[in-house]
Amino acid sequence: MTLIERVRLRQVLDSRGNATVEADVLTESGGFGRAAAPSGASTGEYEAIELEPGEAIASAREHAVPRLEGTVYVGDQRDVDRTLRVADGTDDFSEIGANSAVAISMAAAKAASDVLGAPLYQHLGGAFRGENFPIPLGNVIGGGEHAADATAIQEFLAVPVGAPSVQDAVFANAAVHQEVADILDDRGISAAKGDEGAWAPSIDDDEAFEVMEEAVSTVADEFGFDVLFGLDVAGAELYEDGEYHYRDETRSTDEQIDYVAELVDEYDLVYVEDPLDENDYDGFAELTDRVGDRTLICGDDLFVTNVERLSEGIERGAGNSILIKPNQIGTLSDAFDAVELAVENGYDPVISHRSGETEDTTIAHLAVATDAPFIKTGAVGGERTAKLNELIRIEQNVTRL
Ligand code: PGA
Ligand code: ZN
């Protein structure tokens, strides 16, 4: 493998029009990789620290870049990521910023794949990578922190569980997105789009459930395979002073557990992310005990892609799935460790975008490399379709169709 020769950092736009960190990694042999950090809006309390991009770049240039250039081999991803951690010197990347760290980590992996002449999923997954493809979870109705005056539940996600291929699944999710627009139109409800491209109508959650039920069943009939749906409740955003605050009502923790358990059965939900607050391992455990045999209870803000928090969850029986967002923890190696620990303990990993995204496609490769059963990366919109279309290309590449 070849040494990193140069690391360049700059600010580019993300999908919300905010600045984010982009990294280029160039190798001595002429290899090149480029990646950009995404950014959350409904961020977990325990995530690695995202610095203001200018600050993150200045600090990474001072502390991390000199340790990488001319010293570290790009193919040794663990060494790249260890070097970033040592350069940072904190537990949460608060010195160089998780945004600088993750951009450099991903750019180095891409440079290595360029040097190898192998696609990124192959470089990351190795020769014995599985042959499965992730089912995409498509956000089609949303509110919470991603849109004002819309649903209290943050995301209603189409899940094409019966799709025979990634390509069919991606098209089914886009069709559900379109069907939702048609149903809203029939009901005389106008809707703008939220940060992830989901429709953000000013309706209550009950109506959103009705619309979803109708939309997925129409698309399932049209496509000839099962399309179900799921949720990201983003419970931590609803939780204040010991209660969950919805539009017109509040629920205690026990009521919240009952409510979500009833929703799972009433709507045949296949996926529920962050049903409870990010500190409530016990609540997660109770809900998992009740419905975990028939749905995924996924920890996003609960686990923040962190092996220590996941270990605690495993011990306490909290959840049966983990959301994996590389920028929540700062490096690809850390994200891989979280996936590995999850899989060893029967937790399904779901590789995920953030609400603020760029055209970067790394997570599509990460999902295939880790053989993850699910990927959550929106349904429509350029920064979302960048990943979805990349998955379609990877599928064609692997299946040689
Ligand atoms: P975020 O939201 O990227 O704004 O944190 C996504 C999620 O909660 O899954
Ligand atoms: Zn979430």
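Predicted model: local features only at pLDDT ≥ 70, side-chain atom pairs only at ≥ 80, totals over all residues.
Residues are numbered from 1 along each chain as its sequence is written, and chains are lettered from A and ligands numbered from 1 in the order in which they are written. Local features need pLDDT of at least 70, side-chain atom pairs count only at pLDDT 80 or more, and totals for chains, interfaces and linings use all residues, while side-chain values use heavy atoms, with hydrogens and water left out.

The zinc ion (ligand 2) is coordinated at 2.0 to 2.2 Å by D232 (OD), E273 (OE) and D300 (OD); donors are N, O and S atoms within 2.8 Å of the metal (3.2 Å for Na, K and Ca), and sites may look incomplete because water is not among the atoms. Along the chain, the donors of this ion follow the spacing D-x40-E-x26-D. Helices (H or I, at least four residues) and strands (E, at least two) are DSSP runs, numbered from the N terminus. Both E273 and D300 are buried, that is, under 20% relative accessible area, with exposed meaning over 50% and partly exposed in between (1.4 Å probe, protein chains only).

The largest nonpolar core has 119 residues, where such a core is a set of buried Ala, Val, Leu, Ile, Met, Phe, Trp, Tyr and Cys residues joined through side-chain atoms within 4.5 Å. Its largest share, eleven residues, comes from α4. Domain 1 (4-117) and domain 2 (135-399) each supply at least three residues to this core; the bounds come from an automatic or database domain assignment. The residues with the most contacts inside the core are L9, F156, V176, V180, F209, L269 and I351.

Helix α14 (residues 362-369) is mostly covered, with eight of its eight residues buried. Among them are H365 and T362. D371, which follows α14, has a positive phi, near 60 degrees.

V115 is located in helix α4 (residues 98-116) and counts as partly exposed because its relative accessibility is 31%. R67, in helix α2 (residues 65-68), also counts as partly exposed, at 42% relative accessibility. The C-alpha atoms of R67 and V86 are 9.3 Å apart in space, and the two residues are 19 apart in sequence.
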